[in-house]
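Hello,

Here is the structure I promised to pass on to you. Have a look at it first, and then read on for what turned up in it.

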Amino acid sequence: MLTLVLKDLRAKWDLWVSALILAITAATIIAIGGVFITTTIVIKLNQQISDKDFENFFPVGFFIILLAFFSAIITLTGPTNLAVSLQNRDYALWQTVGIQPQKVRVIVLAQLAFVGLVAGGLPVITAIPMVMGANIGTT
C-alpha cells in the first residue's frame, strides 16, 4: 500500500504541490515562532533581559505560532480538498479493481500525512541551527 501512496503522489504531484508549498510556508512561520520563544528563554536565563521585557516578548512567539496554525488550517483546506476531489475518478477505479473504500480512505490519509511530514520536516531541520545558535555554513 505504501508503494501505491508514493506512486500516486508522484503521478499526481501537480495536485499536491500547492498544498505542499502552503504547508511549508506555515511550518516555517511556526518554526520562526518557536525560535523566537527559545531565544527569549535563553536570553532570560542568561540574565540579558529584564523581567518586564521578558513578559512583553514571550507572548509574541505564542501569538506567531497560534496565528500561523489557524491560518494554515484555513488555507490548506482548499488545496487539499481540491486535490482529493480531482482524484475521485481514480478512487472509484481503485474500488472497481477491488480496493475497499476503507483502504482508499487510508491511502488518502497517508498521502496527506506524507505531504504534512515533508512540509513540516523541512522548516524544523532548518530551525535547529538557529535554535542551537550555530551559523549555517560554518563548522
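Predicted model: local features only at pLDDT ≥ 70, side-chain atom pairs only at ≥ 80, totals over all residues.

In helix α1, the buried residues are Val5, Asp8 and Leu9. Looking down the axis of α1, you will find these buried residues within an arc of 100 degrees, so they line one face of the helix. An α-helix has 3.6 residues a turn, so residues three or four places apart point the same way.

**Two salt bridges**

How many salt bridges are there? The count comes to two. Side chains of opposite charge can pair when their charged atoms come close.

One of the pairs joins aspartate 90 to lysine 12, with 2.8 Å between the closest N and O atoms. Aspartate 90 sits in helix α4 (residues 88–97), while lysine 12 is in the loop between α1 (2–11) and α2 (13–45), so this pair ties together parts that are 78 residues apart in sequence. Is aspartate 90 buried or exposed? Aspartate 90 counts as buried, because its relative accessibility is 16% and the cut-off for buried is under 20%.

**A nonpolar patch on the surface**

Next, please find Leu66, Phe69, Phe70 and Ile73 in the viewer. These residues form a nonpolar patch on the surface, and together they have about 390 Å² of accessible area. Leucine 66 belongs to helix α3, which covers residues 51–85. With a relative accessible area of 48%, leucine 66 is partly exposed.

**Valine 124 and alanine 27**

Last, a pair to look up in the chain. Valine 124 is part of helix α5 (residues 101–132), and its relative accessible area of 47% makes valine 124 partly exposed. What separation do the C-alpha atoms of valine 124 and alanine 27 have? They are separated by 7.8 Å, although valine 124 and alanine 27 are 97 residues apart along the chain.

Enjoy exploring, and do write back with any questions.

Best wishes

Terms used:
Residues numbered from 1 in each chain as written. Heavy atoms only, no water. Patch = residues over 30% accessible without salt bridge, like charges linked within 9 Å, V, L, I, M, F, W, Y side chains within 5 Å. Areas by Shrake-Rupley, 256 points an atom, 1.4 Å probe, with all protein chains shown as cover. Salt bridge = Lys/Arg side-chain N within 4 Å of Asp/Glu carboxyl O. Helix = DSSP H or I, 4+ residues; strand = E, 2+ residues; numbered from the N terminus. Buried < 20%, exposed > 50% of the residue type's maximum accessible area, 1.4 Å probe, protein only. Arc of directions from axis to C-beta.
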